[in-house]
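Me: I'm new to this one. Can you walk me through it in short answers?

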Amino acid sequence: MGEYDQNGKLCSRIMLEKTTLLVDRPPLCLLDDTLKYIGFDLRGAIAGAKYILNKTVMCPIIVNPYQSVCLFPSKSPQNQDCIWFNPDHIVNTKAIGNKTEVELSNGYFLLVDAKLAAINNKLQTANQLKRLTKERGIQASPLLLYLDPPKRHQLLKKNSGKYNFDFLEEKK
């Protein structure tokens, strides 16, 4: 979630089990950095999620496809008080008036400024994205092309060190 430090700079508060860290990067930049570290980016994660879910706003995103880590925003990601949740760490949700109490796997509870139905819908959508990406990843077998060139053709290297790309018949 976004949090301002003592100098008024937007940072990210991260909860790792029972530990919380304040990271000197805004939440969206931190997500983009995390995705880039494994060869992806936030823009692509958002575009992919929108395509898979046929949804245009506030999509969950896959932040690590290798470990099936998905996050969904509590509200528009452009809001500085947006909280990104991992559905795997949500134990329970409960309505408290017009807000939602979210119980996390680390024993903490967060009171989110959103209705229970909205949070539960986002949770369900995030789980759907995880399921669909996993299914598609399993179905998409790698394309393996193997070309065994006929032995009678050969690519020759000229004296200049460059290949001529002319196939010559092997002498019989």
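Me: Which strands does H1 lie across?
Reply: H1 lies across S4, S5 and S6. This is a predicted model, by the way.

Me: What angle does H1 make with S4?
Reply: H1 runs at about 55 degrees to S4.

Me: And H3, which strands does that one lie across?
Reply: H3 lies across S4 and S5. Its angle to S5 is about 150 degrees.

Me: What is the order of the strands in that sheet?
Reply: The order is S4-S5-S6. It is an open sheet of 3 strands, and the pairing is antiparallel.

Me: Which strands are at the edges?
Reply: S4 and S6 are the edge strands. Each of them pairs on one side only. S6 covers residues 84–85.

Me: How many bridges join S5 and S6?
Reply: There are 2 bridges between S5 and S6, in the antiparallel sense. In one of these strands, S6, Trp 84 is the bridge partner of Pro 73.

Me: Back to helices. How do H2 and H3 meet?
Reply: Their axes come within 10 Å and cross at roughly 90 degrees. That makes H2 roughly perpendicular to H3.

Me: Which residues make the contact?
Reply: On the H2 side, Ala 49, Tyr 51, Ile 52 and Leu 53. On the H3 side, Thr 125, Gln 128, Leu 129, Leu 132, Thr 133 and Arg 136.

Me: How do those residues divide into nonpolar, polar and charged?
Reply: The contact of H2 with H3 has 6 nonpolar residues, 3 polar and 1 charged.

Me: New topic. How many aromatic pairs are there?
Reply: The structure holds 2 aromatic pairs. One of them is Phe 40 with Tyr 66. Their ring centres are 6.3 Å apart.

Me: Why is the pair of Phe 40 and Tyr 66 called tilted?
Reply: Because the planes of the two rings are at 45 degrees. Planes under 30 degrees apart would count as stacked, and over 60 as edge-to-face.

Me: Where do Phe 40 and Tyr 66 lie?
Reply: Phe 40 is in the loop between H1 and H2. Tyr 66 is in the loop between S4 and S5. So the pair ties together parts that are 26 residues apart in sequence.

Me: Is Tyr 66 buried or exposed?
Reply: Tyr 66 is exposed, with a relative accessible area of 63%. Phe 40 has 37%, so Phe 40 is partly exposed.

Me: Now S2 and S3. How many bridges do they pair over?
Reply: S2 and S3 pair over 5 bridges, in the antiparallel sense. Met 15 stands opposite Thr 20 in S3.

Me: How many residues sit between the strands of that hairpin?
Reply: The hairpin of S2 and S3 has 2 residues between the strands. Glu 17 is in that loop. Glu 17 takes a positive phi of about 55 degrees, although it is not a glycine.

Me: Is Glu 17 buried or exposed?
Reply: Glu 17 counts as exposed, because its relative accessibility is 67%.

Me: One more. What is the phi of Asn 54?
Reply: Asn 54 has a positive phi of about 55 degrees, and it is not a glycine.

Me: Where does Asn 54 lie?
Reply: Asn 54 lies in the loop between H2 and S4. At 73% relative accessibility, Asn 54 counts as exposed.

Technical notes
Residues numbered from 1 in each chain as written. Predicted model: local features only at pLDDT ≥ 70, side-chain atom pairs only at ≥ 80, totals over all residues. Heavy atoms only, no water. Helix = DSSP H or I, 4+ residues; strand = E, 2+ residues; numbered from the N terminus. Buried < 20%, exposed > 50% of the residue type's maximum accessible area, 1.4 Å probe, protein only. Pairing = 2+ DSSP bridges. Phe/Tyr/Trp six-rings, centres within 6.5 Å; stacked < 30°, edge-to-face > 60°. Axes fitted to C-alpha atoms, helices over the stretch in contact; angles between N-to-C directions. Parallel < 35°, antiparallel > 145°, perpendicular 65-115°, else oblique. Contact = heavy atoms within 4.5 Å. Nonpolar A, V, L, I, M, F, W, Y, C, P; charged D, E, K, R; others polar.
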